[in-house]
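Reader: I have a model to read with you. Where should we begin?

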Amino acid sequence: MSSQPSSDNSACPRCGLPFHCGVADARCDCFDMQLTPGLREQLAAQYRSCLCVACLKQLKDQAAAAQQ
Ligand SMILES: [Zn+2]
Ligand SMILES: [Zn+2]
């Protein structure tokens, strides 16, 4: 928890846990997430990179709950 890479793509910008987004490799866990276009826009505006799977799941659940 002492070192926090900022420009690196190795930590989730939301929870800080180490993870690797494979968006540059054309393969990433975020691709499997059924995020709504609105949520994707929100994430793009809020974070520079995509988030870890746990955070994506949380946000997805929150968005789903908010729609009810
Ligand atoms: Zn995270
Ligand atoms: Zn990703």
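Reader: Leaving aside neighbours within four places in sequence, which residues is L56 in contact with?

Author: Contact means that two C-beta atoms, placed from the backbone, lie within 7 Å. By that test L56 meets C30, M33, L35 and L51. Note that this is a predicted model: local features need pLDDT of at least 70, side-chain atom pairs count only at pLDDT 80 or more, and totals for chains, interfaces and linings use all residues. Residues are numbered from 1 along each chain as its sequence is written, with chains lettered from A and ligands numbered from 1 in the order in which they are written.

Reader: What is the mean pLDDT of the chain?

Author: pLDDT is the predictor's confidence in each residue, from 0 to 100. The chain averages 81, and 87% of its residues reach 70 or more. Among the elements, helix α1 (residues 29-32) has the lowest mean, 77. Helix α3 (residues 53-66) has the highest, 90. Where pLDDT is low, the coordinates should not be read in detail.

Reader: How many helices and strands does the chain have?

Author: Helices (H or I, at least four residues) and strands (E, at least two) are DSSP runs, numbered from the N terminus. Here there are three helices and zero strands.

Reader: Why does C12 count as buried?

Author: A residue is buried with 20 or more other C-beta atoms within 10 Å of its own, exposed with 12 or fewer, and partly exposed in between; C-beta atoms are placed from the backbone. C12 has 20 such neighbours, so it counts as buried. C12 lies in the segment before α1. Beyond four places in sequence, C12 touches L17, F19, L51, C52 and C55.
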